[in-house]
Amino acid sequence: MAKKNANKKGTTPAAIARNKRATFEYRFDEKIEAGLSLMGWEVKSIRAGKVNLSDTFVQIKNGEAYMYNCNIVPLHTASTHVVCDPTRPRKLLLNRRELDRLAGLVERQGYALVAISMYWRKGAWVKVEIGLGKGKKAHDKREDIKEREWAIEKARAMKK
């Protein structure tokens with residue numbers, strides 16, 4: 001029997017970590033995929049699943065995008081000769097055109113850049129999905145909760 005290819009187009013990439021709180025706190029108008037510049041011990045820790053994206057945000061400084069507050073816990077066996085900083089700012093790999101457009105939107109229109117998820121692309125590349133959005137107000141959050149609860153009630157009613 002033929003082996004199924006996991007990297008076919010249309011399949012979802014292997015998720016490493018998700019920032020569930022971000023979708024509750026922000027309304028995203030656009031989502032962007034960015035590469036991530038990592039050190040060796042970070043890749044080993046990511047493969048072990050020791051990543052936390054909560055409270056992770058992106059800032060553009062000097063024409064470069066950096067991800068802050070991403071906690072990658074170092075493994076005990078990964079590196080003994082390198083001093084590991086779990087929350088160091090990590091550089092995001094984006095095109096110049098994308099960086100300029102995002103910087104303009106953040107500065108002029110009050111958008112926020114938040115890391116939504118981290119996943120593997122083509123088996124070896126770590127990618128970060130960045131959301132360009134604005135913060136939700138309290139009434140927006142209540143509206144989302146009502147819609148979610150209504151969808152659950154509707155599914156229960158249709159099941160009976």
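Select S117 first: this residue is found in strand β8, where helices (H or I, at least four residues) and strands (E, at least two) are DSSP runs numbered from the N terminus. S117 counts as buried because its relative accessibility is 5%; buried means under 20% relative accessible area, exposed over 50% and partly exposed in between (1.4 Å probe, protein chains only). Show its surroundings next: leaving aside neighbours within four places in sequence, S117 is in contact with A17, R18, L53, K127, V128 and E129, contact meaning heavy atoms within 4.5 Å.

The model is predicted, so local features need pLDDT of at least 70 and side-chain atom pairs count only at pLDDT 80 or more, while totals for chains, interfaces and linings use all residues. Residues are numbered from 1 along each chain as its sequence is written, and side-chain values use heavy atoms, with hydrogens and water left out.

Now select β8 (112–121) and β9 (125–135). These strands run antiparallel and are joined by 9 bridges; two strands pair if DSSP finds at least two bridges between them. V114 stands opposite G131 in β9. At the hairpin of β8 and β9, 3 residues lie between the strands, and K122 takes a positive phi near 55°.

β2 is antiparallel to β9, with 9 bridges joining the two. Centre on G131 again: in β9, G131 is the bridge partner of K31.

On a 1 Å grid over the protein atoms alone, a cavity is a set of points where a 1.4 Å probe fits but cannot get out, and a pocket is an open set with protein on both sides within 12 Å along at least five of seven lines; lining residues have an atom within 4 Å of a point.

To display the lining of the second largest pocket, select G35, L36, L38, V43, L93, W120, R121, K122, A124, W125, V126 and K127. By class, the lining has 8 nonpolar, 1 polar and 3 charged residues; Ala, Val, Leu, Ile, Met, Phe, Trp, Tyr, Cys and Pro count as nonpolar, Asp, Glu, Lys and Arg as charged, and the others, Gly among them, as polar.

Turn to the largest nonpolar core, which has 28 residues; select I16, I46, V51, M67, L92 and M118, those with the most contacts inside it. Such a core is a set of buried Ala, Val, Leu, Ile, Met, Phe, Trp, Tyr and Cys residues joined through side-chain atoms within 4.5 Å. At least two residues of this core come from each of β1 (14–18), β2, α2 (40–47), β5, α3 (96–109), β8 and β9. Focus on V51: outside four places in sequence, its contacts are I16, A17, I46, C70, N71, I72 and M118.

Move to β4 (residues 57–61) and β5 (residues 64–68), an antiparallel pair joined by 5 bridges. I60 has A65 in β5 as its bridge partner. Their hairpin has 2 residues between the strands, and N62 takes a positive phi near 55°.

Of its 160 residues, 31% are buried.
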